Amino acid sequence: MKIGEAAAAAATTQRALRFYEQRGLLPPPRRTASGQRVYDQADVNRLRIIRELLALGLTVEDVRACTDRLHLLEGDTLPRYGDPRGVCSATSGVVERRIAALDAEITRLTTLRDRLAARTSAAHPEDRTPTDDEPADEPTDELADGELTTDGGVLTVMRS
């Protein structure tokens, strides 16, 4: 099958196939006499596995570290983690490193979210009290072209 058919069968794009080939995730495909790429079902299965690994949070570099074992898979389904036929087996450490990186990112984002919520009281603005380093709501100021008011931290410009 040609590149468009292979891409459709793997639920991806022709551009993605070329990208995977450039990055070493796919071996160079066979070519017709006119230079068109030709794929078979094994290539489509490999594409589906690559897409699944990427969807599970592995990076292109992580998958590249496992490519020497992709040809060992039968079909387009990943074996369970720890299976000796595994693509990114425990011996490579790819999965463990990716899980650790995801855990660190979850921790960082949770901390960031908590700090933002505490700083802005986004969840309950009516309960928010100004901190020592920020001014309390200012009284209404007159503007030449309207009126500026603050109400509970919300800035409103009234036009006349």
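Q: Which residues are linked with Arg-31 in a network of salt bridges?
A: Glu-21 and Arg-37 are linked with Arg-31 in that network. A salt bridge here is a side-chain nitrogen of Lys or Arg within 4 Å of a carboxyl oxygen of Asp or Glu. This is a predicted model, in which local features need pLDDT of at least 70 and side-chain atom pairs count only at pLDDT 80 or more, while totals for chains, interfaces and linings use all residues. Residues are numbered from 1 along each chain as its sequence is written, and side-chain values use heavy atoms, with hydrogens and water left out.

Q: How many salt bridges does the structure hold?
A: The structure holds seven salt bridges.

Q: What does Arg-30 pair with?
A: Arg-30 forms a salt bridge with Asp-40, and their closest N and O atoms are 3.6 Å apart. This pair links distant parts of the chain, ten residues apart: Arg-30 lies in strand β1 (residues 30–31), and Asp-40 lies in the loop between β2 (37–38) and α3 (41–55). Helices (H or I, at least four residues) and strands (E, at least two) are DSSP runs, numbered from the N terminus.

Q: How accessible is Arg-30, and what about Asp-40?
A: Arg-30 is partly exposed, at a relative accessible area of 46%, and Asp-40 is also partly exposed, at 30%. Buried means under 20% relative accessible area, exposed over 50%, and partly exposed in between (1.4 Å probe, protein chains only).

Q: What about Arg-108, which residue does it meet in a salt bridge?
A: Arg-108 meets Glu-105, with the closest N and O atoms 2.8 Å apart.

Q: Where do Arg-108 and Glu-105 sit?
A: Both lie in helix α5 (residues 94–120), and because they are three residues apart there, about one helical turn separates them. Arg-108 is partly exposed, with a relative accessible area of 44%, and Glu-105 is partly exposed as well, with 33%.

Q: Why can such side chains pair at all?
A: Side chains of opposite charge can pair when their charged atoms come close.

Q: And which residue does Asp-114 meet in a salt bridge?
A: The side chain of Asp-114 meets that of Arg-113, at 3.7 Å from N to O. Asp-114 is partly exposed at 42% relative accessible area, whereas Arg-113 is exposed at 52%.

Q: Changing topic, how many helices and strands does the protein have?
A: The protein has five helices and five strands. Along the sequence, they follow the pattern α-α-β-β-α-α-α-β-β-β.

Q: What share of the protein is buried?
A: Of the 160 residues in the protein, 28% are buried.
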